[in-house]
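Subject: Structure handover and notes

Hello,

Please look through the sequence and the model before reading the notes below.

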Amino acid sequence: MKDKLEIQNRQVADVVADRIERLIIDNVLKAGQILPSERRLTEKFGVSRSAVREGLKLLRARGLIETSQGKGSVVANLMAKPVQTPMMHLLGSQPRTLYDLLEVRELLEGESARLAAQRGTKADFILITRRYEELLAVHGQQTDALTLARLDHAFHLAICEASHNSVLVHTLNSLNDLLLSSVFASVNNLYHRKAQKQQIDRQHARLFNAVIGQLPAQAHKAAVNHIRSVRGNLKEIEQEEQRLVRATLRLDGWD
């Protein structure tokens, strides 16, 4: 009888672990987020406290959560090791890779937008709207570039999460710092230029309306055109700066 109860408890623990795992895969529970208490999980899942404890033990063994004294269990950073590879260091430290990164964003975010328009739920659209309204709220205000970049990035990330493709979401999350750096480059170089800023605002509006309006083809086009436009504008600025340097060298007799 005791053996039978233990087997049943293990089976329930597997169910608990699988349900939490699904929340992590779906990015409902994010890296660094504290899990609800054992008591709360017991109530949510309708299982015994021992089953919850066993389920959490399974997740720790899989490396999906980490537990520390006094803090409880948190979702582990699933992409911590890949982010530290030499290649990722080079991508983050060499300015020329910015354009490569924007090409990757074009591919991934174009598909994210298409899928978000196709698969997004009412809850997804509410979250996307919140992120978009937060971005609009700082228009015309004196806001530092990093804050603007974070708001801009959060809007694009909300669209990605609405794609309901867990691999796509976690791939973009693994590149989070690099993607934020590309958004920062855009904000830092383009937001203070009136024509480019107005262009970006129009592109964000098209992207938002296409996703919320559940128009997959238009959403894909809006996302791709936005990234291509940013890349083109940044290259133009770079070329302009190079022309200024060459002209200055000639003026100083270095030609």
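This is a predicted model: local features need pLDDT of at least 70, side-chain atom pairs count only at pLDDT 80 or more; totals for chains, interfaces and linings use all residues.

Residues are numbered from 1 along each chain as its sequence is written, and side-chain values use heavy atoms, with hydrogens and water left out.

Whole chain

The protein chain has 12 helices and 2 strands. Helices (H or I, at least four residues) and strands (E, at least two) are DSSP runs, numbered from the N terminus. Along the sequence the pattern is α-α-α-β-β-α-α-α-α-α-α-α-α-α. The protein chain has 255 residues, of which 37% count as buried; buried means under 20% relative accessible area, exposed over 50%, and partly exposed in between (1.4 Å probe, protein chains only). Among contacts between residues at least 6 apart in sequence, 73% join residues at least 24 apart. Contact here means heavy atoms within 4.5 Å.

Helix packing

Two packed helices are described by the angle between their axes and the distance between the axes. Axes are lines fitted to C-alpha atoms, for helices over the stretch in contact, and angles run from 0 to 180 degrees between N-to-C directions. Angles under 35 degrees count as roughly parallel, over 145 as roughly antiparallel, 65 to 115 as roughly perpendicular and the rest as oblique.

Helix H8 (residues 145–161) packs against helix H10 (residues 176–190) at an angle of about 120°, and their axes are 8 Å apart. That makes H8 oblique to H10. The crossing of H8 and H10 is right-handed; a crossing has this hand if the near helix is turned clockwise from the far one by less than a right angle, and is left-handed if anticlockwise. On the H8 side the contact includes Leu146, Ala149, His153 and Leu157. Residues of H10 that meet H8 include Leu179, Val183, Phe184 and Val187.

H10 also packs with helix H6 (residues 97–119), at an angle of about 105° and with the axes 10 Å apart. H6 and H10 are therefore roughly perpendicular to each other. From H6, the contact is made by Leu98, Leu101, Leu102 and Arg105. H10 contributes Leu178, Leu179, Ser181, Ser182, Val183 and Ala185.

Helix H11

Buried in H11 are Gln196, Lys197, Ile200, Gln203, His204, Leu207, Phe208, Ala210 and Val211. They cover an arc of only 165° around the axis, which puts them on the same side of H11; the arc is that of the directions from the helix axis to the C-beta atoms. Lys194, Ala195 and Arg206, on the other side of H11, are exposed. After H11 comes Gln214, whose phi is positive, near 55°.

- His204 has a relative accessible area of 3%. Not counting residues up to four places away in sequence, His204 touches Tyr132, Leu135, Asp152, Phe155, His156, Tyr191 and His226.
- Gln203 is buried at 7% relative accessibility. Leaving aside neighbours within four places in sequence, Gln203 is in contact with Asn225, His226 and Ser229.
- Ala210 is buried, with a relative accessible area of 4%. Its C-alpha atom is separated by 7.1 Å from that of Ala117, 93 residues apart along the chain. Ala210 touches Ala117, Leu215, Gln218 and Ala219, not counting residues up to four places away in sequence.

In H2, Leu41, Thr42 and Phe45 are buried. They cover an arc of only 105° around the axis, which puts them on the same side of H2. H2 is followed by Gly46, whose phi is positive, near 65°.

Pro36 is in the loop between helix H1 (2–25) and helix H2 (38–45). Pro36 counts as partly exposed, at 31% relative accessibility. The C-alpha atoms of Pro36 and Val74 are separated by 9.2 Å, although these residues are 38 apart along the chain.

Regards
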